Every structure is written in C-alpha cells, then in structure tokens.
Amino acid sequence: MVRVAEAERDAAARAVTVQQRLAIPNVTAQLGVRQLRVASGPAVVAGISVPLPLFDRNRGNISAARAELQGAEARAAAARLEAEAGTRAGLALVEAADARAAAAQRTLATAQEGYRLARVAYEAGKSPLIELLAARHNLGVARGVILDAAAARLDARANLARLQGLTITGEAVQ
C-alpha cells in the first residue's frame, strides 16, 4: 500500500515536469528548394517559426499537475502513517496474546493441581464424586483456554508479519 502510494507520487512529480516542459515554446526551422517561374531557376526557401506564448504558458495544466502531486504526497503520507499505526497495533496484539498465553499456562497448572488434590481427597473418601468431576471439568476448560490463547497468539503473529510484508516464518514476500 505504501509502495503504491509512493509510486503514484513519483508519477505525479513526473507529470509536473512534463507540463512544465510543454510550456517551453518549440522553435521550428524549415528549409526547402522551390522552382520559381519568374526567375528561371531554383530558389532556396528558409523559414523559422517561434511561437510566442504571451497569454498561455500552460499554467492551468501545470497547476493541475501540481495539485495532483500534492494529493499524491498526502495519500503517500497517509498510507505510511496507516502502516505504522497498523504495525504498532499488531505489536500490541502480539504482546497481549503472549500475556494471555502465559496466564493460560498458569491457569492450567492451577487446574491440574486442583484436579490432583480433588482426586486424592476422593480416593481417601474425604470428598464426594461431584467435586472430582467439577475439578476434571475445570481441567478441560483450562486446556481449552490454552488452545484458544495459542490460536490467538498465532493469529496476532501472522497479522503482524502481514503488516511488515513478511511471511509467518519471517521471509520477505516477493
């Protein structure tokens, strides 16, 4: 997106140059041979043409090309700022996904320990089966949270790589 906007800006700059060159008058010279009836023989005819742009110096087209250049520069700056903002947001999402994954790991460790204690208490006859089943359910939920956090982490990293123009493995996109 940024490269496209910069290419459009370069094209608009070249269009300004073209319009400025069109304002320079073209001097033309002509040379020829002509047969005259009055004087029996050939005559050399020469002419020079110099247009005098007194009233129109292509100012309208030059102004239009400059306006297009200013618009292209503004679009390029906007695209650059948008890309920077997207990259910063992508970095923030990656950091948040990493923090979520770390919290999910701690949750899983807690759920595993809770299940282990509930199983020991049930086997010793100190707690009912419903508490063991609830601890087992909480362990399954914690494993699901781990998977969700890993998927969100992968999505955030893939989005950041896309914004940076890279593949998920870090290679440049051709």
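Analyst: First, a definition. Helices here are DSSP runs of H or I with at least four residues, strands are runs of E with at least two, and both are numbered from the N terminus. The model is predicted. On that basis the chain holds three helices and two strands. Their order along the sequence is α-β-β-α-α. The chain is more spread out than a compact globule, because its radius of gyration is 38 Å, well over the 16 Å that the globule rule gives for 174 residues. Along the principal axes, the C-alpha atoms fill a box of roughly 140 × 30 × 20 Å. Buried residues account for 19% of the 174 in the chain.

Now the core itself. The largest nonpolar core has twelve residues. Among them are A101, A104, L108, A111, Y115 and A118. L132, A135, L139, A142, I146 and A149 also belong to it. Two elements, α2 and α3, each give two or more residues to this core. A second core stands separate, with five residues that include V16, A65, L69 and A72.

Just after α2 comes G125, with a positive phi of about 80°. Helix α3 runs over residues 129–163 and has 35 residues. From first C-alpha to last, α3 reaches 51 Å, close to the 51 Å expected. G165 follows α3, and the phi of G165 is positive too, near 75°.

L108 gives a local view of the packing. Beyond its neighbours within four places in sequence, L108 is in contact with L139, A142, R143 and I146. Across the chain, residues 24 or more positions apart supply 59% of the contacts with a separation of 6 or more.

R136 is in helix α3. R136 lies over the face of Y115, at 5.4 Å from the ring centre. Setting aside residues up to four places away in sequence, R136 touches Y115 and R143. R136 is partly exposed, because its relative accessible area is 43% and that class lies between 20% and 50%. There are zero aromatic pairs under the ring-pair rule.

Two distances place these residues within the chain. R136 and V16 are 120 residues apart along the chain, and their C-alpha atoms are separated by 73 Å. V16 belongs to the second core. R88 and L160 are 72 residues apart, yet their C-alpha atoms are separated by 8.9 Å. R88 counts as exposed, because its relative accessibility is 60% and the cut-off is over 50%.

Note on methods: Residues are numbered from 1 along each chain as its sequence is written. This is a predicted model: local features need pLDDT of at least 70, side-chain atom pairs count only at pLDDT 80 or more; totals for chains, interfaces and linings use all residues. Side-chain values use heavy atoms; hydrogens and water are left out. Rings of Phe, Tyr and Trp (its six-membered ring) pair if their centres lie within 6.5 Å; planes under 30 degrees apart count as stacked, over 60 as edge-to-face and the rest as tilted. A charge sits over a ring if NZ of Lys or CZ of Arg is within 6 Å of the ring centre and within 35 degrees of the ring normal. The expected span of a helix is 1.5 Å times one less than its number of residues. A nonpolar core is a set of buried Ala, Val, Leu, Ile, Met, Phe, Trp, Tyr and Cys residues joined through side-chain atoms within 4.5 Å. Buried means under 20% relative accessible area, exposed over 50%, partly exposed in between (1.4 Å probe, protein chains only). Contact means heavy atoms within 4.5 Å. The radius of gyration is taken over C-alpha atoms; the globule rule is 2.2 Å times the number of residues to the power 0.38.
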